[in-house]
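Hi everyone, thanks for coming. Let me put the structure up on the screen, and then I'll walk you through a couple of its features.

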Amino acid sequence: MTRRPALLLAATFALASTARAQKGVGALDAEIQRRVEAVTAKVVTWRRDIHEHPELSGEEVRTSRLVAEHLRALGLDVRTEVGGHGVVGLLRGGKPGPVVALRADMDALPVEEQVDLPFKSRVKATFLGAPVGVMHACGHDNHVAILMGTAEVLAGMKAMLPGTVKFVFQPAEEYSPTGVGGAESMLRDGAFENPRVDAVFGLHVFPASHGAIITRPGPWLAAANDATIIIKGKQTHGAQPWNGVDAVLVGAQVVTALQAVVSRQVDITRVPAIVTVGAFQAGVRSNIIPDSAVLRLSIRTFDAAMKEDIFARIRRTAEGVAAASGATVSVTFDPGVPATVNHPALTRRMWPTLQRAAGASGVIESELVTASEDFSFFMEKAPGLFIGLGVNPKGSDPRTAAPNHSPFFFADEGALPNGVRAMSMLAVDYLLGGK
Ligand SMILES: [Zn+2]
Ligand SMILES: [Zn+2]
């Protein structure tokens, strides 16, 4: 990811902040800062413990127990096993006001850790029948520790909070054994009801400048959808192709024709889109022309209407190409994950908060990112803002850092206090500012 500073944007947003939000901000920030400093050693300890004991998606038993015990010790109302191993903690402030949700995802990846740490993961498991190492290669260990720390900071300030903070610890972000992801499962299980959530904030660590906060208004991360195209031809001898319908050739023509959807048929001046054919399966040997071919696609979009349009064009292209050769085709799209779209007004409103939280490390306006995150499901239920936290070691070059999901992914703990501060300040400022 390349990024540029958002000086202009920041200036515009600062003007928009309300006098009310500014009132007493210095004293409040100082109190948050004091509480962040007090909890930092614990955050680091939790993070190391969770890092050393990663759990695959849908298996977050130990992690969720750790979370629930901590939230209960803080005096929160805690619901466990929400949409799988999800945990929801409710902190009711001393004064009436809105409800703000803070979310952390808890699951790890089937990746064997290659980083040499004293708390390196040595956990082994089975994933889709294959033996795998398990690692927090997407950094969700940091998210859990940061949100546990935030809960401790805010619980200590409970009396002055005008409203309610809902802590949402989510399972199964990376992969869903049930076919329904963790965010959706938690929502179906009422995570955003009783009380209903008015705004939601989430944080993700990235290999970006140490302690920096990274985000952008509007679309940020892409929607991700898979499609499956099954081409039905007619099997024949490889030496007598005229007696059949060659599904391999039709499949190849479909792959080629699909390249025109993004490059020729959609307006990509506003937001880009990606159509990738990542798998093409057909045939068993050289002299048999098979009767079917299967293509598997990954589609990334930033706009819901454009997504639907691209789906229709993929279907039309595949059906048209197949018909030209006398083959038939079936095209199916999975429900996928929506785009992560930061609510523009909420982003504008919270931008000065992010600047105060990031301090000298700064707030960086991100480019669009074609990865996806199921935090987007929460954003469909309430205005939301998703932020990134840079966890590169100080002075290192983000361009050479191992990306999320790499066995070399590394998060520098020194950046974690900025995460706790950002989440705490987002919640406090949102509640103080009212709905
Ligand atoms: Zn990930
Ligand atoms: Zn992640």
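Let's start with the lining of the largest pocket: by class, its residues split into 18 nonpolar, 11 polar and 11 charged. Please keep in mind that this is a predicted model.

How much space lies in that largest pocket? About 1100 Å³. The lining is made up of 40 residues, and if you want to find the centre on your own screen, look for E173, E174, R300, S372 and E373, which are the closest to it.

Now, which helix and strands supply at least two residues each to this lining? They are helix 6, at 182-188, together with strand 8 at 199-206, strand 11 at 223-232 and strand 15 at 292-301. Strand 11 gives the largest share, with 3 residues.

Let's move to another part of the chain, where two helices pack. In general, a pair like this is described by the angle between the two axes and the distance between them. Here the pair is helix 3, residues 25-52, and helix 4, residues 61-73; their axes come within 10 Å and cross at roughly 160°. Angles over 145 degrees count as roughly antiparallel, so that is how helix 3 and helix 4 run relative to each other. The crossing of helix 3 past helix 4 is right-handed.

And who touches whom? From helix 3 we have W46, D49 and I50, and they meet R62, T63, L66 and H70 of helix 4. Sorted by class, this contact has 3 nonpolar, 2 polar and 2 charged residues.

That's my tour, and I'm happy to take questions!

Terms used:
Residues numbered from 1 in each chain as written. Chains lettered and ligands numbered in written order. Predicted model: local features only at pLDDT ≥ 70, side-chain atom pairs only at ≥ 80, totals over all residues. Heavy atoms only, no water. Axes fitted to C-alpha atoms, helices over the stretch in contact; angles between N-to-C directions. Helix = DSSP H or I, 4+ residues; strand = E, 2+ residues; numbered from the N terminus. Parallel < 35°, antiparallel > 145°, perpendicular 65-115°, else oblique. Left-handed = near helix turned anticlockwise from the far one by under 90°. Contact = heavy atoms within 4.5 Å. Nonpolar A, V, L, I, M, F, W, Y, C, P; charged D, E, K, R; others polar. 1 Å grid on protein atoms, 1.4 Å probe; cavity = no way out; pocket = protein on both sides within 12 Å on 5 of 7 lines; lining within 4 Å. Points joined across faces, edges and corners; volume = space filled by probe spheres on them.
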